[in-house]
Amino acid sequence: MEKQFPKNVRQIGNVSDEPKIYVEDYVDTYLSQLREKAAETAIGAALVGEIQSLEDQNVVYISGAIQMKELEVKGTEINIEEETWKQLEEDKKEYFPSKELVGWCLIETGHPMGLNSGVKKVHEASFSTENSIFIWKDALETDEIYYAYKYHELMQMGGHYIYYEKNPSMQNYMINTRKKIGVTPSEVVEDRAAKDFRSAVREKMEYKEQKGSSKFTYATSVLLVVVVLAIGISTVNNFDKMEAVQTSLESLSQSVNKPESKTGTVNENEGEDPDKDAAADDTKVEDTDAKDKEVSGGTVPETSTIQEQLGDEDYYVVQKGDTLDSISVKLYGNTSHVEAICKMNGLSDGNLIFIGQKLLLP
């Protein structure tokens, strides 16, 4: 079956040139994460995917990226050891066996746009396929330029596409290499013990936040009561609407009293189907963290101990102008984690977040 153009795409720059370049979202996110590690030492990555002719157009799909073990930049010379090439080949066979090398990426500082003799030498030696891709990224800025190898030259491209689809191979590679580069995996499958562990921490945080915000909640509740009463008076002759007003008042009364009561037990999610919390792409994590193993024996640690064990990377502090969509994009590169963030923090309405709130990350 012939491959079709991706339907869910985001255009970057002018894409009138050929080949048409499509970069999968996880790959783009991974390269951005590598950029954060390249401030002092240049980092290289091999790009894997497919080069095709589709509907009379030359198309390059970049569906994977493999970090080079070592890469040295001296002036215009780029040195890649033989051991690095062996490592790239092994990683490609393990994580992307059905894909081919379609180019490479260089992330570094101090060089203008990269078309020097060293870049061309590396490209022609190892990535000389027609329409193969070279990506130059500045480690300190957001600047990046794409080049395509055409007519034995690297030619600058005007733009490219970011496309979104299931990519378990890239997800698996990111998860298995996260400790080497300090990357947090985008999607993790929680087991029941891990879920209860995080639930205990969340309840402790919610109780403290409710005590600090009780005055604000009370004032808001009073305003809502006034609004509901006004609606009730205007609909006094409508029996059905009066019933709706009565129900609203009962719910509002419960919400006013809720901050004064302590939160429930750790196992409040015990009745839910654990399959609902699985990641959308069925990503599986081979080993549970050491903390989660401790709670798998049946009992959950004291919440004070749990909170001390978690690091700053497990939370996100809401800033001015943040939404759950923007937080998901900022942390994971797309908006697909909004629902997971809501579940982890017990948010029934994703819009009700406030500045300074700590959100537990999935």
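Guide: Let us begin with helix 1, in which Asp25, Tyr26, Val27, Asp28, Thr29, Tyr30, Leu31, Gln33, Leu34 and Arg35 are buried. This is a predicted model, where local features need pLDDT of at least 70, side-chain atom pairs count only at pLDDT 80 or more, and totals for chains, interfaces and linings use all residues. Residues are numbered from 1 along each chain as its sequence is written, and side-chain values use heavy atoms, with hydrogens and water left out.

Visitor: What makes helix 1 mostly covered?

Guide: Of its 12 residues, 10 are buried. Buried means under 20% relative accessible area, exposed over 50%, and partly exposed in between, with a 1.4 Å probe and protein chains only. Helices (H or I, at least four residues) and strands (E, at least two) are DSSP runs, numbered from the N terminus.

Visitor: Why is His123 called buried?

Guide: His123 has 0% relative accessibility and therefore counts as buried. It lies in helix 3, residues 117-126. Leaving aside neighbours within four places in sequence, His123 is in contact (heavy atoms within 4.5 Å) with residues including Trp104, Phe134 and Tyr149.

Visitor: Why are Cys105 and Cys342 called buried?

Guide: Cys105 counts as buried because its relative accessibility is 1%. Cys342, with a relative accessible area of 13%, is buried as well. A disulfide is a pair of cysteine sulfur atoms within 2.5 Å, and by this rule the count is zero.

Visitor: In what order do the nine strands form the open sheet?

Guide: The order is 1-11-2-4-3-7-8-9-10, with mixed pairing. Two strands pair if DSSP finds at least two bridges between them. Strand 1 (9-13) and strand 10 (153-156) are the edge strands, since each pairs on one side only.

Visitor: How do you know that strand 11 pairs with strand 1 and with strand 2?

Guide: Strand 1 and strand 11 share five bridges in the antiparallel sense, and Ile12 stands opposite His160. Strand 2 (residues 20-24) is joined to strand 11 (residues 159-163) by three bridges, and these two run parallel. On that side, Val23 has Ile162 as its bridge partner, and Glu24 has Tyr163.

Visitor: Why is strand 11 described as largely enclosed?

Guide: Five of the five residues of strand 11 are buried, so the rest of the structure largely encloses it. Gly159, Tyr161 and Tyr163 point one way, while His160 and Ile162 point the other way. In a regular strand the side chains alternate between the two faces of the sheet.

Visitor: What makes a group of residues a nonpolar core?

Guide: Such a core is a set of buried Ala, Val, Leu, Ile, Met, Phe, Trp, Tyr and Cys residues joined through side-chain atoms within 4.5 Å. The largest one here has 49 residues, of which Leu31, Ile62, Trp104 and Met170 touch the most other members. A second, separate core has 12 residues, among them Val338 and Leu359.
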